[in-house]
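Morning, everyone. I have one structure to go through today, and I will start with a single residue before moving to the overall picture. Here it is on the screen.

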Amino acid sequence: MSTTSVHSLGEKLALHILAGFDSYTQKFHALTELAPEFFKSRNWEGSRQNHLQRLRLYKDVVFPLSQTIQAEFGPKAQNPQLWRDTKEIYKTKIRNLDNLELAETFFNTVIRKSLPTRSVDEELMFVVEGHNSCEIKDTSDLLNTYPSHWGLEKIIRQILSDYHFDVPWMNQEEDVAFLIRSVKEVILSRYRVAPSTKTQILKSVFYRNKAAYLIGRTFLGHKWMPFIIPIMNGPEGIFVDTLIFDPNMMSHLFSFTRSYFMVQAPIPSQVVGFLHAVIPHKKIHELYNAIGYNKHGKTLLYRDFLYHLSQSKDQFILAPGVKGMVMTVFTLPSLNLVFKCIKDHFEPPKNMTRHQVRQKYKLVSLHDRVGRMADTHEFDEFALPLDRVSKELLQELKNTINSLLEIRDNHLIIKHLYTERKMIPLNVFLEECSIEDGKEVVEDYGRAILQLAQANIFPGDMLTKNFGLTRQKRVVFYDYDEIEFLLDMNFRYKPKAETYEQIYAPEPWYHIGKNDVFPEDFKRWMIGREDLRPHFLGYHHNLFDAAYWQKIQQTILNGDWKHTFPYPEEIRFRPRQKV
């Protein structure tokens with residue numbers, strides 16, 4: 001192929017990809033713009049379906065585009081020189097875009113679909129460009145600003161006026177009083193207002209589930225103090241639910257265990273920049289994930305990974321804890337990630353296929369994680385420096401996932417894996433913790449299971465080894481191979497044996513269907529530590545009652561999706577207020 005023809009094809013291919021990116025961006029914004037209307041009308045099912053559609057959008061755009069490229073360019077689409085040329089042309093076309101970084105990631109996705117067996121290649125892809133400029137422009141386009149000389153009450157009233165949602169307030173005067181009291185107790189009791197004091201709130205509202213969140217900060221005491229105001233729309237009107245100043249609560253609001261927000265971000269990097277100023281210990285890739293740009297979050301995660309590799313010397317090892325029956329899990333001790341690979345063969349009683357396991361992970365990626373399921377990123381052709389892989393790990397990988405391995409240019413290529421945030425396995429924590437810590441954690445373990453159930457998720461295998469603990473000691477589920485929709489399960493009481501043959505039968509004498517579940521059996525294995533077991537059984541006695549699970553199923557069938565608060569209910573201004 002001549003240089004001229006390659007350039008001509010590169011121009012054509014670049015225009016195809018740019019048109020695909022424009023289509024994705026327009027559809028993404030259109031779906032996001034629907035969030036305020038769903039909130040206004042309290043159409044929670046519509047909101048859930050809209051969020052699901054946006055989660056699927058990236059693949060819905062990329063797959064047809066990839067097919068078009070294959071059909072139009074044929075074998076030429078496999079020519080690396082064509083992609084080198086296309087990248088340079090595309091780079092020129094996107095250089096003035098406000099969402100340049102997202103356009104680069106979109107290009108990477110398209111080329112990976114077109115050259116699926118190729119590892120990351122800096123010549124063909126945007127690997128380390130790092131257009132991560134997240135500066136905050138102090139302009140009216142991004143922020144609403146409230147000067148201190150207005151006084152506290154006027155500022156609060158103006159905030160509630162600016163963010164009214166076109167819905168009547170349930171009791172605005174009471175909300176004003178709640179907010180004034182909170183600010184005085186938490187902030188003004190420690191800091192004095194100065195002429196330089198001002199309050200800023202992002203104009204864009206963050207919607208998720210049944211709540212809308214205002215993200216702001218106040219310059220006081222020579223520093224910025226962040227805050228978050230959750231607003232709910234109940235049967236009697238909208239109301240301020242609480243005022244959050246605690247950095248840990250703010251961090252949890254943007255946790256990797258939470259679903260992505262629906263928020264308008266015309267210039268994503270500026271919104272991310274403001275969020276990073278408010279929650280500085282959140283990594284940039286986590287914040288892109290949080291506002292729905294999880295594909296670019298994945299790109300930034302990979303860049304962080306490459307940088308960490310260049311700055312560290314430790315070796316990849318098997319992850320601590322009990323080895324899984326379905327997944328081989330390894331980690332780099334100095335990195336806050338684990339890598340999960342689906343095994344070639346599963347020992348009984350596991351009888352699923354690799355495809356079925358991947359479908360389970362896909363289910364989780366499209367579901368509301370309610371703060372209890374870890375987000376994952378999926379990678380193909382993932383390259384590790386061979387000299388950084390410990391001998392023990394390499395042998396384990398050859399024993400368990402050999403079909404996924406290839407050694408190429410001093411790198412170990414893993415054809416498919418998931419990355420996930422590193423957590424302490426719950427069973428490991430419970431072996432070593434104090435009784436006091438153990439009681440708190442087993443209580444949260446039960447809450448995690450019930451909150452998943454209320455979101456129509458049944459974990460399947462609920463052994464403690466399948467749960468982890470975040471740095472804030474929150475219990476999170478992370479083993480998805482047996483996950484099912486709660487509505488698909490049949491919760492039953494065990495029939496009582498009445499005859500001698502039934503009492504001493506070596507196998508169950510009654511029929512057990514594929515999805516039958518007997519909650520009374522949970523008592524036998526959920527918590528093995530004897531000094532914690534009685535507390536757990538008493539605190540979560542409903543877990544062992546089939547009728548309780550059936551009641552949750554009926555609630556879901558009635559369309560009454562429970563809102564899971566990402567902060568303690570005791571800090572709500574009106575703890576019993578329904579949403």
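Arg42 is partly exposed, with 29% relative accessible area. This is a predicted model, so please take what follows as computed from that prediction. Arg42 sits in the loop that joins α2 (35–41) to α3 (44–73). The backbone there has a phi near 60°, which is a positive value in a residue other than glycine.

Phe165 also has a positive phi, about 65°, and it is not a glycine either. Is Phe165 buried or exposed? At 12% relative accessibility, it counts as buried, the cut-off being under 20%. Its place is the loop between α6 (152–162) and α7 (172–188).

One more backbone item. The Pro348 to Pro349 peptide bond is cis, with omega near 10°. Pro349 belongs to the loop between β9 (337–342) and α12 (354–365).

Phe346 is in the loop between β9 and α12 as well. Phe346 has a relative accessible area of 15% and is buried. Beyond four places in sequence, Phe346 touches Met325, Val326, Met352, Thr353, Arg354 and Val357. For a sense of distance, take Phe346 and Val120: they are 226 residues apart along the chain, and their C-alpha atoms are separated by 30 Å.

Now an arginine in another loop. Arg388 lies between β10 (376–385) and α13 (391–400). Where does Arg42 stand on accessibility, and where does Arg388? Arg42 is partly exposed, whereas Arg388, at 10% relative accessibility, counts as buried. What does Arg388 touch, not counting residues up to four places away in sequence? The list is Leu309, Ser312, Lys313, Asp314, Gln315, Phe316 and Leu332. From Arg388 to Leu537 the C-alpha distance is 45 Å, for 149 residues of sequence.

Next, a strand residue. Leu202 lies in β2 (residues 198–202). Leu202 is buried, and its relative accessible area is 0%. Once neighbours within four places in sequence are set aside, Leu202 is in contact with Leu142, Leu143, Tyr163, Ile215, Val271, Phe274 and Leu275. Leu202 and Gly216 are 14 residues apart along the chain, with 6.2 Å between their C-alpha atoms.

Helix α9 (residues 268–278) has nine of its eleven residues buried, so it is largely enclosed by the rest of the structure.

In soluble globular proteins, nonpolar side chains tend to be buried together. Here, the largest nonpolar core has 92 residues. Which of its residues touch the most other members? They are Tyr90, Phe106, Phe206, Ile215, Phe254 and Phe330. The helix that gives the most to this core is α1 (residues 3–33), with nine residues. There is also a second, separate core of 55 residues, including Ile342, Phe477, Met489 and Leu543.

Ile215 is one of the contacts of Leu202. Phe330, with neighbours within four places in sequence left aside, is in contact with Phe316, Ile317, Leu318, Ala319, Val338, Phe339, Cys341, Leu384, Leu393, Leu397, Ile414 and Leu417. Phe316 is on the contact list of Arg388 too.

Last, the whole chain. The protein has 18 helices and 19 strands. Its radius of gyration is 26 Å, close to the 25 Å that the globule rule gives for 579 residues, so the protein is as compact as a globular protein of that length. Along the principal axes, the C-alpha atoms fill a box of roughly 90 × 65 × 45 Å.

Of the 579 residues, 53% count as buried. Of the contacts with a separation of 6 or more, 70% are between residues 24 or more positions apart.

Technical notes:
Residues are numbered from 1 along each chain as its sequence is written. This is a predicted model: local features need pLDDT of at least 70, side-chain atom pairs count only at pLDDT 80 or more; totals for chains, interfaces and linings use all residues. Side-chain values use heavy atoms; hydrogens and water are left out. Helices (H or I, at least four residues) and strands (E, at least two) are DSSP runs, numbered from the N terminus. The radius of gyration is taken over C-alpha atoms; the globule rule is 2.2 Å times the number of residues to the power 0.38. Buried means under 20% relative accessible area, exposed over 50%, partly exposed in between (1.4 Å probe, protein chains only). Contact means heavy atoms within 4.5 Å. A nonpolar core is a set of buried Ala, Val, Leu, Ile, Met, Phe, Trp, Tyr and Cys residues joined through side-chain atoms within 4.5 Å.
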